[in-house]
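Here is my note on the model, point by point. Please read it with the coordinates open.

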Amino acid sequence: MKKRIIIMAFCLAAMGVQAQDTLQYLRSTYNSMTDTKQWSQKVRQPLMLDSLNNHQKAFSMDDYLVLQPLSEIKDYLYQITNAKNWEKENGQAINNQSKWYNDWLKADNGVFKIGIDTSKQGMEVRHYFYQLDVPSFAKGKITIYSTEKVIIGYDGSELRRRMTRTDALNEDAKIVCEGIYEAGSHIIGLSVLCPSDKPEALLQVIIEIPQTKLSTEQNLKKGLALSDILEGERPYNVEMSDDGNYYLVKYAISTIGEKSKYRVEVRQTSNDNVVWKSEEIVSVKWANIAAPPYSEATILYYVKEENKNRKLFTLYFIKDRMYEGSVTENLPEGKIDCFGGLHWLFMTLTDKEDNSKDDLRQLIHPDDRIGDWRNRTNLAIFDLMFKNLQLITFGHHNVTLNDVSDDSKRILISVNEEDITKRPFSKTTILEMNLSTFEVDTIVSDSYVSYAQYLKPSNDKDKNLFAQEHIIVQGSAEAFKSCGSEVKKGQTPNIYHNLLFLINKKSKQAKPLLKGFKPSVNGFKTIADNRIFITTTDKDSVNVYYYDFDTLYRLPLDLDIVGGFDVDLAGKHYVYFGQNYNKSDRVFTYDVTKHETKQIAYPKQKMNNELSLGEMRVWNFKHKGDLIQGRYYLPVDFDSTKQYPMIVYYYGGTTPTDRTFEMRYSAYLYTAQGYVVYVLNPSGTIGYGQEFAARHVNAWGEKTADEIIEGVKLFCKQHSFVNAKKIGCMGASYGGFMTQLLQTKTDIFAAAVSHAGISDITSYWGEGYWGYSYSTAASANSYPWNNKALFVEHSPLFSADKIKTPLLLLHGTDDTNVPIGESIQMFNALKILGKEVAFITIKGENHGIFDHKKRIKWNNTIYAWFAKWLQDDNSWWNEMYPKKEL
C-alpha cells in the first residue's frame, strides 16, 4: 500500500488584528489543499507579588501553553461558518471587528516562518488546527518540527508535547507521533508558545498515514462516525395536552462511557416558548381534566423520587401563567397511567416474584426462564386526598389499561391469558368496566388482537351516537376469524402486520377498516368527531395517516421516520419528531388552522452541519414479476468513472430495513469509508401489504435469498461503478441468519458478517427466549416434529460445507434471544471444514451491543473485516486480532 506523505508548513505571521477573528487558508507544498484554521491568545507575565504560590510552585509562562479543547474548536468553527454563510447570503461583511483572511500563503522550501512582533512584550499562544480524513484504519505517523514549545493534539486529546526551544528545524526540533489512526475525520491541533524575544520561528508538520487526505472544503466536514450516533441529545417522546395549549418534549442525553441523562420541557403552543423544564423526574404526564374548577387550566403532573419517597407534583397552566399545586408524598410503587378525576389516578401495579436465585428451579412455562416472567400486573385507583389504593383487578393474569372514557366512568382493559398448546400461545380479552359498579362487559376474546380505544365524543348527534356504540381495536389479519385477511389462498397472514377493526359493543361484530391499506399499523389515537391518527410502518418509512371513516390520507410531515406523534382532541395542533435518511431527530409543531409548520428543536444540528454525506438514490427491481424496493448510498466523493467495493444490508425478516439515519448499521458509517451501500427489503417484510408480508411465514429465506442474490447481480450489472468482485453483506438476528443462508447458496460475496445469527432453526426455536414465540409468525403451525424439511433444510448449519465466503460471526455472550450457541455451531462446522471464518464474542452483552465502548470495538471489528476482504487491507484486522499460532 502506498503511504501518502503530506507536508504542512506554517508561517505564523502577525496580522495586526485580534487573532481570534482571523481565518487563514494554507496550501501545502505538494499541492494538497488544506483548510487550516488559526487563532491566538496574547499572554503576559503577571505582577509577581511572590516567587511561589500557595502550592509552593514557581510561575512559568509555559503554563499558558494549553491544548485547545475539541468542543471549543467546533464551537469556533460553527460560529465562523455561520458568519461566512451570512456574509455570502447577504453580500456584505458583518459589522464588527471581525476580518476574514483568505490569502493563500506559499511555503519557502516547505517551511513557513512565524512572524513575531518583537516590539511588544509578552508572548502569544498560537492555535492551529485542520482536518485529516482517514478513509480506513491505518498505522502511520505525524512528525512535527518546531523551533518553539508546542503541544500536538488529536481530536482534542494530547498526543505529544515538547517544552524546549531550538534555533533550527533539526533533530532537536523533531516530535514523532506514531500509532494507529482509525477511520473517519479527525482534527489535528497544534498549540505553539511564541515569545517576542526573536523575530521569527519555524514550524513544519509531515503526515505519513496511508491513503490520508486533507479536507479541501472551507468548513471542517467529516463522514459519519459511530461516536456521532452514540453521543448527544435526542428527543424520545412528545405529548400534546388535550386542549392543545401546551406540549411536552422528553430528551435523552448520551455520552460515551457515562449513564444516559434525561430532561423534559413544556412549551406553550401559541409561541413555542419553554414555560417549564426539569431534569430530575421519574415520569411526567398531562392530567387532561376538563371538569370545574379546572376547566380553564391545563394540568401537568410529574413524579420525583427522594430517598425512596415518591412525590407527585402538580402544575396548573392558566392564561399564560403557571401555578404550583399540591404535593402528594409516599406515592405507591407503580406506573401512573393517567388521571381519572380531580383527585384520583389510575395506576398499574406490578407484583414481583423472582425465583432466579433458587439452586433448583421448576420451570412451569417456556417463558419461565425469563427473569421477570412471573411478575404480574393489576390495575388500581389511587385517591390523592385520602391516599387510599383501590384495586380494580386482582389475579395472576397480566392486565393492561387501554383507555378511559371521556367522562371517566368507564375503562377498557385487556387481560392476557397464556395458552401454550395453541398458536400463538396466548389470548387477549378486552373488557369494558363500569367504574361505579365494577361490572364488566366482554368486548372480544381473541388470540390476534392487542389493544382498544374509545371513539371520542362529538357535538354532532349522529357521530356521538356512533362513538358511544363502537370502539377501535388493533390486531393482525387472523383476528375475528380472519375477516380482515387479504392474503392469497394457502398463505398464512404475518401476525406482525397489523390492522384496525371497528367493533360494535352491543353485537360484538367486527368490521376491518382500511380495506386494501398496505402499511402496517404501529399504533393509533382517536380524537373528537370520530377521527383517528394512525402511525404506520409504510414501506421503508414510518408515516402517520389521518382517517375519519370517509377520508384517508398521509400527513405531509416531511420526515422519513416519524419517531413520535401526538395531537390535541380538537385536531388543531400536532407535535412530532423524527429523522430523515440524512438528518438526525428534529421536533416540529403544526398548526392545522394556519397550515404552519415550525421546527422547534434540532438537538444535533451542529453535528449534522459538520457531516459530509453522499447521495442516496432509490433503486427497485422486479423478480419473477414482484417489485422489490431498495435504495443505495454513495460515498461523498463519488466518481462514476471509478469502481467501489459495495456492502449489501438487509434484514430479510418481518420488519423493513428502514431509512433511520442514526442506527448501528447506518449506511453512512460505511460510505464514510469508501463503500457503496445497497439496502433492500425483500419478500416477507411488513409495510408493503398483507400478501407481501405473508411471504415470511414458513419460508425461512426460501424466496428472500433468491431475491437478494438476483438484486445484487442486477445492481452490479446496471451500475458499473461497483466492483463486482468486492461485495460484502451483513445482517443481524434474522438478518444474521440470512447472511449465513446466502453463503450456502451463492459465492457472489467476498466477505460476510453475521451478528447474532441463527444457524440452526431447531436449536433457536427451542433455546432462544422468544424462539418458539417468534416462530408463531415465521413458522406458523410448523414444528420440528411435523415439518423436518423446514427446520433442517433451511438451517445454514446443515449446508455449511457449501459456504465459500469468508464469514465473520459476532455474538454477545449473554444473548438470550438468539443464544450464542448459534454462532458456536457454525464456527465449529466451518473450522472443521477448513473454511475462512472468524468468531468474535462480546463479553456481557445480550442481543444488541449497548455498552458504548464495547460497541465501538464491535463496529471496528466489522470495519476491519470488510477492509481486509473488500479493500485488500488487513492491517486493521491484524492490529485488533493479531494472528496466534497455538
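1. The largest pocket has a volume of about 1,600 Å³. Of its 50 lining residues, D242, N288, C338, D403 and K525 sit closest to the centre. By class, the lining holds 21 nonpolar, 17 polar and 12 charged residues. On terms: the search uses a 1 Å grid over the protein atoms alone; a pocket is an open set of points with protein on both sides within 12 Å along at least five of seven lines, a cavity is a set where a 1.4 Å probe fits but cannot get out, and lining residues have an atom within 4 Å of a point. Points are joined across faces, edges and corners, and a volume is the space filled by probe spheres set on them. Ala, Val, Leu, Ile, Met, Phe, Trp, Tyr, Cys and Pro count as nonpolar, Asp, Glu, Lys and Arg as charged, and the others, Gly among them, as polar.

2. A word on the source. This is a predicted model, where local features need pLDDT of at least 70 and side-chain atom pairs count only at pLDDT 80 or more, while totals for chains, interfaces and linings use all residues. Residues are numbered from 1 along each chain as its sequence is written, and side-chain values use heavy atoms, with hydrogens and water left out.

3. The structure also holds seven cavities of 30 Å³ or more. The largest cavity has a volume of about 90 Å³. It is lined by 14 residues, and R631, Y633, M663, Y665 and A667 are the closest to its centre. β44 (626-633) and α6 (667-671) are the elements that each give two or more residues to this lining. Helices (H or I, at least four residues) and strands (E, at least two) are DSSP runs, numbered from the N terminus. The cavity lining has nine nonpolar, three polar and two charged residues.

4. The ring centres are 5.4 Å apart and the planes at 75°, so the pair is edge-to-face. Rings of Phe, Tyr and Trp (its six-membered ring) pair if their centres lie within 6.5 Å; planes under 30 degrees apart are stacked, over 60 edge-to-face and the rest tilted. Y670 and Y863 are both buried. Buried means under 20% relative accessible area, exposed over 50%, and partly exposed in between (1.4 Å probe, protein chains only).

5. How many aromatic pairs does the whole structure have? The search finds 54. In one of them, W276 and Y302 have ring centres 4.8 Å apart and planes at 40°, so the pair is tilted. W276 lies in strand β17 and Y302 in strand β19 (residues 298-306), so the pair ties together parts 26 residues apart in sequence. W276 and Y302 are buried.

6. Strand β17 belongs to an open, antiparallel sheet of four strands in the order β14-β15-β16-β17. Its edge strands, β14 (232-240) and β17 (274-278), each pair on one side only. Strands pair if DSSP finds at least two bridges between them. β14 and β15 (residues 246-254) are joined by eight bridges; among the partners, E233 faces I253 in β15.

7. D272 is not a glycine, yet has a positive phi of about 65°. Its relative accessibility is 8%, so D272 counts as buried. S408 is another non-glycine with a positive phi, about 60°; S408 lies in the loop between β26 (398-404) and β27. Most residues other than glycine have a negative phi, and most peptide bonds are trans. A cis bond joins R423 and P424, with omega about 5°.

8. Strand β38 (residues 561-567) has six of its seven residues buried. β38 pairs with β39 (residues 573-580) in the antiparallel sense over six bridges. Five residues separate the strands of this hairpin, and G571 takes a positive phi near 75°.

9. Is helix α9 (residues 734-743) enclosed or open? 10 of its 10 residues are buried, so α9 is largely enclosed by the rest of the structure.
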